[in-house]
Amino acid sequence: MALVAREEPPHVRTLLFGEGLWATPEELEEWHAAAVTYLSDVAAAEAEWRHVDQRWGRRRRARLRWLPLGGGWLGRDKIRLAQERFVHRLRAASAAYEPTLQQVEHRLAEYEAAEREQKRRRQEELAALQQAASARYREWRRREDAFAAAADLPGFEFTVDEDVVRVHWRPEQSRTARELAAAVLTEPDLARRSLVWDSAARAQVESLVGAGRFDPWWERLHASVRNVLARDEATQSVIGAIEQTSTALEAAGRPGISTIRDKPSNPIQGWIVEVDWSHLPEVAPSDFPPDVPSPRIEDWGWSFGTYEPSLLQRMYSEITLQQTSYRAGYDIVRVHSYDMSGWGTQYRWFELRPADFAGYLFDDEIRRDECTIRLTEHADPAVFVPYVRAIADAIAEALTGLVRECGA
């Protein structure tokens, strides 16, 4: 076992024997000397035994077979006496080393007991940390459920009074607070007026989210609806750009069409479109992870999907347009690879309709461990809105460039 020096306070100097057996320098010197003496005695006894066995054993077995009976007994007696002496010396060495062995084994038992106790305490600490993490997550989940319940609670209506939009609680109404926020953001007549909630409407919200929590609840709801509207607008922009490009290429007779030969064995007909992501905003939504407690103490971080610029650039810097055979227009196709369990890699084309492609591009579900949330519910609109607009603009610019290149 290796010896590892360890610094301690000036008045105490200890050494680490192996991985955890502690001993003072005096004890270590005593143990070492006892071990050397024991090994030396055993080695000497073994050497004496080998000498007798080599001298008389081989003679008795090979050369003295022809002697009278007494000659054979002479060799056997010497070997027997050597065996008895070897056993005697071995037992004497073991008896001399026994006190040291017991001392070391006792110290080992103390160390192993301390290790078990330390492991038990560590397991208890981890269990307590996990319990606390689970409790924080449950409390966060409870607040999230209350937020959603208040946002989707029907029974609100508004009236326009000069420069003020007044929100009232009318249980018979079907408008939700989320729909009200969308109307305020999209209807010009409402957007330029201030919004005032009456006491009954505020009370209905606070009965779910907690007293005094109305203002932060409405601020967050307003921001999340703004994010959703921007995401939906970007999604429609990408779908429209693909459809407009398809129409232009069809009208031009699909000039410049080429056969794309990639790793799949079957080539396809279409266009490769290079997308320039250099104009993405410097600040991405993934730079602002939401304040969501992890349900586990091992936190591997959030997976932001295409809202992580490096992943967006890696997956969508090149897209391929392919004319569909079963309907008018074009699909987006990508190469997918599959591991054949040691027999190689199989490649195939993966086809996406424009709406599905845009859905993948702007999928706002982000994940961490077992937790899945909507980024639109937590992102800062000042960051999220320009980011999704920049994605849509980059796709549209790439497709417009293809149309110009084909002379369509």
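**Buried faces, hairpins and salt bridges in a predicted model**

The buried residues of helix α8 (residues 354–361) are Pro-354, Phe-357, Ala-358 and Leu-361. They sit on the same side of α8, because the arc they cover around the axis is only 95°.

The model is a predicted one. The protein contains 9 helices and 13 strands. Of its 408 residues, 34% count as buried. The accessible surface amounts to about 24900 Å², and carbon and sulfur atoms account for 51% of that area. Among contacts between residues at least 6 apart in sequence, 63% join residues at least 24 apart.

Strand β12 (residues 365–368) shows alternating side chains. Ile-366 and Arg-368 point to one face and are buried. β12 pairs with strand β13 (residues 371–374) in the antiparallel sense, over 4 bridges. Within this pairing, Ile-366 stands opposite Ile-373 in β13. The two strands form a hairpin with 2 residues between them, and Asp-369 in this hairpin takes a positive phi near 55°.

A second hairpin is built from strand β4 (residues 156–161) and strand β5 (residues 164–169). Their pairing is antiparallel and runs over 6 bridges. Val-160 has Val-165 in β5 as its bridge partner. Here too, 2 residues lie between the strands. Glu-162, in the loop between β4 and β5, has a phi near 55°, a positive value in a residue other than glycine. Most residues other than glycine have a negative phi. Glu-162 is exposed, with a relative accessible area of 65%.

Asp-331 belongs to strand β10 (residues 330–339). With a relative accessible area of 2%, Asp-331 is buried. Beyond its neighbours within four places in sequence, Asp-331 is in contact with residues including Thr-320, Tyr-326, Glu-351 and Arg-353. Pro-354, one of the buried residues of α8, is also in contact with Asp-331.

The structure holds 26 salt bridges. One of them pairs Arg-107 with Glu-27, with the closest N and O atoms 2.9 Å apart. Arg-107 lies in helix α2 and Glu-27 in helix α1 (residues 25–63), so this pair ties together parts 80 residues apart in sequence. Both partners are buried: Arg-107 has a relative accessible area of 18%, and Glu-27 is at 19%.

Helix α2 (residues 69–151) also contains a salt bridge between Asp-145 and Arg-141, with closest N and O atoms 3.5 Å apart. These residues are separated by about one helical turn, because they are 4 residues apart in α2. Asp-145 is partly exposed at 46% relative accessibility, and Arg-141 is partly exposed at 30%.

Arg-231 forms a salt bridge with Asp-364, the closest N and O atoms being 3.2 Å apart. This pair links distant parts of the chain, 133 residues apart: Arg-231 is in helix α6 (residues 214–251), and Asp-364 is in the loop between α8 and β12. Arg-231 and Asp-364 are buried. Salt bridges with shared partners join Arg-231, Asp-232, Asp-364, Glu-365, Arg-367 and Arg-374 into one network.

Leu-126 is found in α2 and is partly exposed, at 31% relative accessibility.

Definitions and conventions: Residues numbered from 1 in each chain as written. Predicted model: local features only at pLDDT ≥ 70, side-chain atom pairs only at ≥ 80, totals over all residues. Heavy atoms only, no water. Buried < 20%, exposed > 50% of the residue type's maximum accessible area, 1.4 Å probe, protein only. Pairing = 2+ DSSP bridges. Arc of directions from axis to C-beta. Contact = heavy atoms within 4.5 Å. Areas by Shrake-Rupley, 256 points an atom, 1.4 Å probe, with all protein chains shown as cover. Salt bridge = Lys/Arg side-chain N within 4 Å of Asp/Glu carboxyl O.
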